[in-house]
Amino acid sequence: MQAELTIDLGAIRANWRALDRAPETGAVVKADAYGLGLAPVARALAEEGARSFFVAQVEEGVALRGILGQRPEIYVFSGLMAQADMPLFQEAALIPCLNSIEQARAWAGGPFALQYDTGMNRLGLEAADLAALPDLGEPRLVMSHLACADESGHPMNAAQLAAFCEMAPVGRRSLSATGGVLMGPDYAFDLTRPGIGLYGGMPFAQARPVVRLSLPVIQVRDVAPGEVVGYGGTWTAERPSRIATVSAGYADGLIRAMGGRARLWAGDQPCPLAGRVSMDLLTVDVTDIGEVPTHLDILGPHQGIDALAEAAGTIGYEILTSLGHRYDRKYTGK
Ligand SMILES: *Cc1c(COP(=O)(O)O)cnc(C)c1O
């Protein structure tokens, strides 16, 4: 029996609608739609009205073209990384975000976008590069990316906005991911690129939750005071305790760092993790609940991806994209 990962496509659609504030709102579906499944997620978003999709790598773009057919625009953030990728771009009609003079020189024709680096120093052309750019014609899109948009008051946002306006005074433009969308119309330009907000994560605090992860209980045992639980014996019973062992662990993306801090839920009742996370198992203190149910939730209404991330010292993005392959995935709310 596998743990059950329920993905609410209706919530993803509602989140896209709620973030649809710019002239056009795209959708970022890189990394298998943040771990939630490229095909079902991209189809739901296309049905909801998304016409421009973004992936990180050309191979993801090829897969997405196969899923969505010829109509939508598909942009590839990493651009033309190797000449050998050229046929992939052309056969799947993918649009590279050209990131350097070298990429621009190597591009053999067809629609393209330009990515500008406006201060993040990660990916894209710098202002000094622009004079040396070969004449490829009009880009389909000029874009940049904000480094600190999860903090709307961060001074870097305004600085990057000003740099973007200077580097890209005209044309079809895109600056904002989820955080930027929430910062209002100055940041909207022609097309936005939300990712995490679609999947229910911060900084979109009003997002509808998308995932629920229910882990089957394999065994329940009584543990006497003074006995220990799990690897390293790091958890010691301080009272007569009941421990439930559930079927999922760090091999399923429930990273070891959440040991001792995250909780599982029996309906409305919290049950703390007891001891270390194993590869395939978690041990949970269920002493304070009545009857132990067949499943305990680690993601759900009481503990979303950001709450679990906080317990693990990470961010919701990493919780989602780490979700493993041993779950029985169910899609609801089509
Ligand atoms: C991942 C990514 C996005 C989406 O960001 P979210 O914070 O998930 O909304 C948008 N643009 C670029 C360039 C990205 O790399």
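1. A polar contact is a pair of N or O atoms within 3.5 Å. With that cut-off in mind, look at the ligand in this predicted model. A nitrogen atom of the ligand and a polar side-chain atom of His145 are 3.4 Å apart.

2. In the side chain of Arg193, an N or O atom is 3.0 Å from a ligand nitrogen atom. For Tyr317, a polar side-chain atom lies 2.6 Å from an oxygen atom of the ligand. On its own, the ligand has 390 Å² of accessible area, and the protein covers 91% of this.

3. Which residues come nearest to the ligand? Of the 14 residues around the ligand, they are Lys30, Tyr34, Thr178, Ile196 and Tyr317.

4. Contact between the domains involves six residues of domain 1 and seven residues of domain 2.

5. Helix α9 spans residues 305–312, and its buried residues are Ile305, Leu308, Ala309, Ala311 and Ala312. Why do these residues lie on the same side of α9? They do so because the arc they cover around the axis is only 160°.

6. The cover over the buried residues of α9 includes the strands β11 (211–223) and β18 (295–299), together with helix α10 (316–322). After α9 comes Gly313, which has a positive phi, near 70°.

Key: Residues are numbered from 1 along each chain as its sequence is written. This is a predicted model: local features need pLDDT of at least 70, side-chain atom pairs count only at pLDDT 80 or more; totals for chains, interfaces and linings use all residues. Side-chain values use heavy atoms; hydrogens and water are left out. Buried means under 20% relative accessible area, exposed over 50%, partly exposed in between (1.4 Å probe, protein chains only). Helices (H or I, at least four residues) and strands (E, at least two) are DSSP runs, numbered from the N terminus. The arc is that of the directions from the helix axis to the C-beta atoms. Contact means heavy atoms within 4.5 Å. A residue is near a molecule or strand if one of its heavy atoms lies within 4 Å of it. A polar contact is a pair of N or O atoms within 3.5 Å; within protein, one must be able to donate a hydrogen and the other to accept it, and residues adjacent in sequence count only if both atoms are side-chain atoms. Accessible areas come from the Shrake-Rupley method with a 1.4 Å probe; for residues, only the protein chains shown count as cover.
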